[in-house]
Structures are given as C-alpha cells and as structure tokens.
Amino acid sequence: MTAQISKVVLSLDAKEVDLLKDGVNFKKNPSDGKCYIVYKSVGSFKACKNQCKHQGGVFIKDIEDLDGRTVKCTKHNWKLNVSSMKYVNPPDSFQQDELGEMAL
C-alpha cells in the first residue's frame, strides 16, 4: 500500500478570498506558477487544476456560459462545469479531480 501525503497547492488569505467573485475564478500559485480554478458559490468553494483530463489543455472562460459555471478547454473545446466537476461536452466523459480539503 502506498502512503498518502498532503500538500498545500494553493493558499489564499482572507482578503484574497473576499475578492473572489461568485462563479469561476482563475488563480495562480505564486510560488510554483501552477494555475487552478476556484469555484465560489454561497458559502462553499471547489477547486481543481487548470488542466483538462482529456489531453492536458488549459481551461479558459466559456463566453457562451450564462451561469458562470463552465470553462472550455483550449485544445478541443471540451467544457467543464466547475460547480459539479463534470464535463458537459462531451457528456458522460470524465469527472475532473477536485482538490481535497478547502480550509478558509
């Protein structure tokens, strides 16, 4: 059995959390330059790497998304609903790996 380890990949202070808008937020870790997506809704947060599971493309804001929940991959236009971490286009394809514990 492989031991599990815990690692902080993104840390936001209280001011940065207050500045998050409802919906999709793109954040970069200043220490290693890796990018993440933070989804904020009433009283909760979800986060994932800004990397598509299909072939590793990065996500951008989906201008067709009226609810502020969807991002689009730059490689093949796959769409991810960040509020559920499920790909909506193509449907039933992958589920994005959500980052673990969200401590505020």
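Reply: Let's start with Glu64, which is exposed, with a relative accessible area of 56%. (Exposed means over 50% relative accessible area, buried under 20%, and partly exposed in between, using a 1.4 Å probe and protein chains only.) Before going on, keep in mind that this is a predicted model: local features need pLDDT of at least 70 and side-chain atom pairs count only at pLDDT 80 or more, while totals for chains, interfaces and linings use all residues. Residues are numbered from 1 along each chain as its sequence is written, and side-chain values use heavy atoms, with hydrogens and water left out.

Now for Glu64's partner. The side chain of Glu64 meets that of Lys79 in a salt bridge, at 2.7 Å from N to O. This pair links distant parts of the chain: Glu64 is in the loop between β4 and β5, Lys79 is in strand β6, and they are 15 residues apart. A salt bridge here is a side-chain nitrogen of Lys or Arg within 4 Å of a carboxyl oxygen of Asp or Glu. In general, side chains of opposite charge can pair when their charged atoms come close.

Lys79 has another partner too: its side chain forms a salt bridge with that of Asp62, at 3.4 Å from N to O. Asp62 lies in the loop between β4 and β5 and Lys79 in strand β6 (residues 79–81), so this pair ties together parts that are 17 residues apart in sequence. Strands (E, at least two residues) are DSSP runs, numbered from the N terminus. Lys79 counts as buried at 16% relative accessibility, and Asp62 is buried as well. Put together, Asp62, Glu64 and Lys79 are linked in a network of salt bridges.

The structure holds three salt bridges, and one of them joins Asp97 to Lys53 through their side chains, at 3.3 Å from N to O. Asp97 sits in the segment after β8 and Lys53 in the loop between β3 and β4, so the pair ties together parts that are 44 residues apart in sequence. Asp97 is exposed at 53% relative accessible area, whereas Lys53 is partly exposed at 36%.

Next, the sheet around Lys79's strand. β6 belongs to an open sheet of five strands, in the order β4-β5-β6-β7-β8, with antiparallel pairing. Its edge strands, β4 (59–61) and β8 (91–95), each pair on one side only. Two strands pair if DSSP finds at least two bridges between them. For instance, β7 (residues 86–89) pairs with β8 in the antiparallel sense over two bridges, and Lys86 stands opposite Gln95 in β8.

In soluble globular proteins, nonpolar side chains tend to be buried together.

Methods
Helices (H or I, at least four residues) and strands (E, at least two) are DSSP runs, numbered from the N terminus.
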